[in-house]
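Me: Please take a close look at one part of this structure for me. I would like to follow the strands and how they pair.

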Amino acid sequence: MMEKTFLALSLCFAFVYAIPAFEGVTSWSSIGSLVPGITYLEAIGPDGVGDATYHVPQYMSIQAPRGLPGNATVYRNKSPPLFYIHNNQLWHFHNESTILPVHVHNSTLTSKLPLQVVVGDRDPKLAKRTLVRGGNWRWQGTMLRYEQGDNSTPLFYSCQDTNGLLGLFLFLEPAPTPVGCSPFTMHSFNRVQYRS
Ligand SMILES: *[C@@H]1O[C@H](CO)[C@@H](O)[C@H](O)[C@H]1NC(C)=O
Ligand SMILES: *[C@@H]1O[C@H](CO)[C@@H](O)[C@H](O)[C@H]1NC(C)=O
Ligand SMILES: *[C@@H]1O[C@H](CO)[C@@H](O)[C@H](O)[C@H]1NC(C)=O
C-alpha cells in the first residue's frame with residue numbers, strides 16, 4: 001500500500017523537476033553510452049525526508065569528498081552522485097577510474113536497528129566485519145529495491161547515526177519506522193537505457 005502511494009507520488013514528481021547538472025557530463029546520452037543505466041537516485045517520502053514539503057528534491061549522496069568512500073545519506077544535493085546497477089550490485093560512478101560498490105552494513109550490530117548503506121570501504125578491516133553478504137539490488141520500474149534471501153524492500157530510512165550525521169538505513173523484514181527516522185523510496189527518473 002505504502003509502496004503504491006510512493007510510486008504514484010513519484011510519477012507525479014518525475015516530470016516536475018529539471019535534471020540537475022553533473023560535473024563533466026554534457027548530456028545524458030553521452031554518460032549513458034559510457035555507463036548504461038546510470039542515474040541519480042531521488043528520495044521520495046511522506047515526510048519529504050526531514051523537510052515539510054516536497055518542493056526541493058533530495059538525492060542519495062555520500063558523506064565524503066567526491067570520489068571517496070563514505071556513509072550514504074540523502075539531502076538536497078545540487079550535483080548528486082551517479083549510480084548504476086550491474087549484476088545485481090549497485091555502484092557509484094565517480095569517473096572512469098573510481099567506481100565504488102554500494103553495500104549494506106550491519107553497523108549497528110543489533111538485530112533491532114536497521115542496516116546501514118555505505119558507499120565503498122573506508123576502513124576495509126572494519127567493513128569486512130560488518131558487511132552483509134548475499135544481497136541484490138534491482139529496479140522495480142523507477143524504484144530501487146534491496147533484496148536478501150526471501151526479503152525484499154524498497155524502503156529506506158534517513159536516521160541519525162552514532163556521529164549525529166544523517167545516515168541511510170534499511171530493514172530486511174517489515175518493521176515500524178524507528179523514532180527519529182524518515183521513510184522513503186528511491187527512484188531513478190533519468191535512467192539512460194543502453195542503445196547500440
Ligand atoms: C577519478 O577521481 C579520482 C578521485 O577524485 C582521482 O584521483 C582520479 O584522478 C580521477 N581519474 C580520472 C581519470 O579523472
Ligand atoms: C546483525 O548483527 C546482529 C548482531 O550480531 C545479528 O543478530 C543480526 O542477525 C545481523 N543481521 C544481519 C542481516 O546480518
Ligand atoms: C558511518 O556511520 C557509522 C555509524 O553507523 C559511524 O560509526 C561511522 O563513523 C560513519 N563513518 C563516517 C566516515 O562518518
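**Core, strands and a ligand shell**

Reply: Of the 37 residues in the largest nonpolar core, those touching the most other members are M60, A72, F156, F169 and L170. Such a core is a set of buried Ala, Val, Leu, Ile, Met, Phe, Trp, Tyr and Cys residues joined through C-beta atoms within 7 Å. Buried means that 20 or more other C-beta atoms lie within 10 Å of the residue's own, with C-beta atoms placed from the backbone.

This is a predicted model: local features need pLDDT of at least 70, side-chain atom pairs count only at pLDDT 80 or more, and totals for chains, interfaces and linings use all residues. Residues are numbered from 1 along each chain as its sequence is written, while chains are lettered from A and ligands numbered from 1 in the order in which they are written.

Now the strands. They are DSSP runs (E, at least two residues), numbered from the N terminus. Two of them pair if DSSP finds at least two bridges between them. Strand β4 (residues 82-86) runs antiparallel to strand β5 (residues 89-95), and five bridges join them. L82 has F93 in β5 as its bridge partner. The hairpin of β4 and β5 has two residues between the strands, and N87 there takes a positive phi near 50°.

Next, β5 pairs with strand β6 (residues 98-105), again antiparallel, over four bridges. Here F93 stands opposite I99 in β6. Two residues lie between β5 and β6 in their hairpin.

Ligand 1 has these residues around it: R66, G67, H94, N95, E96, S97 and T98. Each has its C-beta atom, placed from the backbone, within 6 Å of the ligand.

Note on methods:
Buried ≥ 20, exposed ≤ 12 C-beta atoms within 10 Å, placed from the backbone.
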